[in-house]
Amino acid sequence: MPCSILFSFASDSYRYAVREIREAFPGEHRFERLGAEVARLADSAVPVEQLAAACDEGRIMYVRHLTREIAGYALDDLPTEPELATTLLDELTARTVAVQAWIDDGGTGGTYRRLIADALATRGVASERSGQDVVVSAVVVGKQLLLGVNRLADSLSDWPGGQLRLARGQDRVSRSEFKLEEAIATFGLDLPTGGKALDLGASPGGWTRILRQHGQEVWSVDPGSLDPRLRSDRRIHHERTTAGRFFAANRVRFDVVVNDMRMDQQTSARMMLDAAAHLRPRALAVITLKGGGQNPLDATRRALETLRESYTVLHVRQLHHNRNEVTVIARH
């Protein structure tokens, strides 16, 4: 049965998300852009499970979050708790669900989360912020509150609208840390205990710090400096050279390789081919492919084909902390 699907994306990436959906599922589709980062695939014949699978497989890279739309209300005419509970319970069988709310212009949506949680509580349904098999989503866009329900497995992330919020603590070296943290959390990456990791383009050391937090011994390759707070760590080996020179002399085999270097997609992919000779079987790779140019979607696809010469690409997605780039998860 057709249903409308709400999906989120980066504000500059709507046209790429629409193009990817059309190419993955040929046919008639009606898209409605509702706000800066929220759109509706109206009365879709494509089941949300199939749309989510295409995102997980990397055929759709620019969609961040999915939910089946079940209701919409004007903000100046919100339903009573009993009315809201009845609407939600028509879609729910679980007795505990995650309730996640956000505002399209960047707010947290806490007021609306409490409204929904209180309504469910009156009918004996408990709510958490995350970690449940079923997710109730609420997004304020314009002057509307839109509600959706979806399985967590088909939502793409366990945060409101796919927006993982991370605090910038005093220990952080750079904003780029958020990207690696989000990738690890979103895709459930399991870094090997006591593994050896290679951080290409490491300066000033944000990704190196996160790798160390996950128990890796890190070779940080960059002519630039690392943050002084990292220099006393004996399990961080700062190789002050270029990647090419490092590869020419290196004799270590790595379990993990990460690459957040500022270079075009194809150059970054080719560097990962060079890195492959220094990896153990089934080594994990995390790469950001930078956007840029007039057609970043096709450029990213070409770079992925290059990566597939030495890697199995597992996931590709533009995450919340990405800017004009996508994050790639692969295995050697």
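**Notes on the fold and a few residues worth a look**

1. Let's start with the sheet: 8 strands make an open sheet with mixed pairing, in the order β2-β3-β1-β4-β8-β7-β5-β6. Two strands count as paired if DSSP finds at least two bridges between them. Helices (H or I, at least four residues) and strands (E, at least two) are DSSP runs, numbered from the N terminus. At the edges sit β2 (30-33) and β6 (126-128), each pairing on one side only. From one strand to the next, the twist averages 35°.

2. Before going further, please keep in mind that this is a predicted model, in which local features need pLDDT of at least 70 and side-chain atom pairs count only at pLDDT 80 or more, while totals for chains, interfaces and linings use all residues. Residues are numbered from 1 along each chain as its sequence is written, and side-chain values use heavy atoms, with hydrogens and water left out.

3. Now for the pairings around β4. Strand β1 (residues 3-8) runs antiparallel to strand β4 (residues 65-74), and 4 bridges join them. Within this pair, S8 has H65 of β4 as its bridge partner, and F7 stands opposite L66 in β4. The pairing of β4 with β8 is also antiparallel, over 6 bridges; here Y73 stands opposite L145 in β8. As a reminder, strands of a sheet pair through backbone hydrogen bonds, either parallel or antiparallel.

4. Helix α3 (residues 81-89) lies across β4, β7 (134-141) and β8 (144-151), and runs at about 145° to β4. Helix α4 (residues 110-121) packs on the sheet too, touching β5 (96-103), β6, β7 and β8, and its direction makes about 155° with that of β5. Axes are lines fitted to C-alpha atoms, for helices over the stretch in contact, and angles run from 0 to 180 degrees between N-to-C directions. Contact means heavy atoms within 4.5 Å.

5. Which residues of α3 are buried? They are L84, A85 and L88. Seen down the axis of α3, these buried residues fall within an arc of 100°, so they line one face of the helix; the arc is that of the directions from the helix axis to the C-beta atoms. Their cover includes β4, α4, β7 and β8. Buried means under 20% relative accessible area, exposed over 50%, and partly exposed in between (1.4 Å probe, protein chains only).

6. The α5 and α6 crossing is right-handed: a crossing is left-handed if the near helix is turned anticlockwise from the far one by less than a right angle, and right-handed if clockwise. On the α5 side the contact uses E177, K179, L180, E181 and I184, and on the α6 side G206, W207, R209, I210 and L211. These residues divide into 5 nonpolar, 1 polar and 4 charged. In this scheme Ala, Val, Leu, Ile, Met, Phe, Trp, Tyr, Cys and Pro count as nonpolar, Asp, Glu, Lys and Arg as charged, and the others, Gly among them, as polar.

7. A few backbone details are worth checking by eye. Most residues other than glycine have a negative phi, and most peptide bonds are trans. The peptide bond from S203 to P204 is cis, with omega near 5°, and P204 is in the loop between β9 (196-200) and α6. D43, in strand β3 (residues 38-44), has a positive phi of about 45° although it is not a glycine. R282, in strand β13 (residues 279-290), also has a positive phi, near 65°. At 56% relative accessibility, R282 counts as exposed.

8. Where is R235 found? R235 is in the loop between β10 (217-221) and β11 (236-239), and counts as partly exposed at 33% relative accessibility. Not counting residues up to four places away in sequence, R235 touches R212, G215, E217 and V218.

9. Finally, is D255 buried or exposed? With a relative accessible area of 16%, D255 is buried. D255 lies in strand β12 (residues 254-259). Leaving aside neighbours within four places in sequence, D255 is in contact with P192, G195, K196, R280, A283 and L284.
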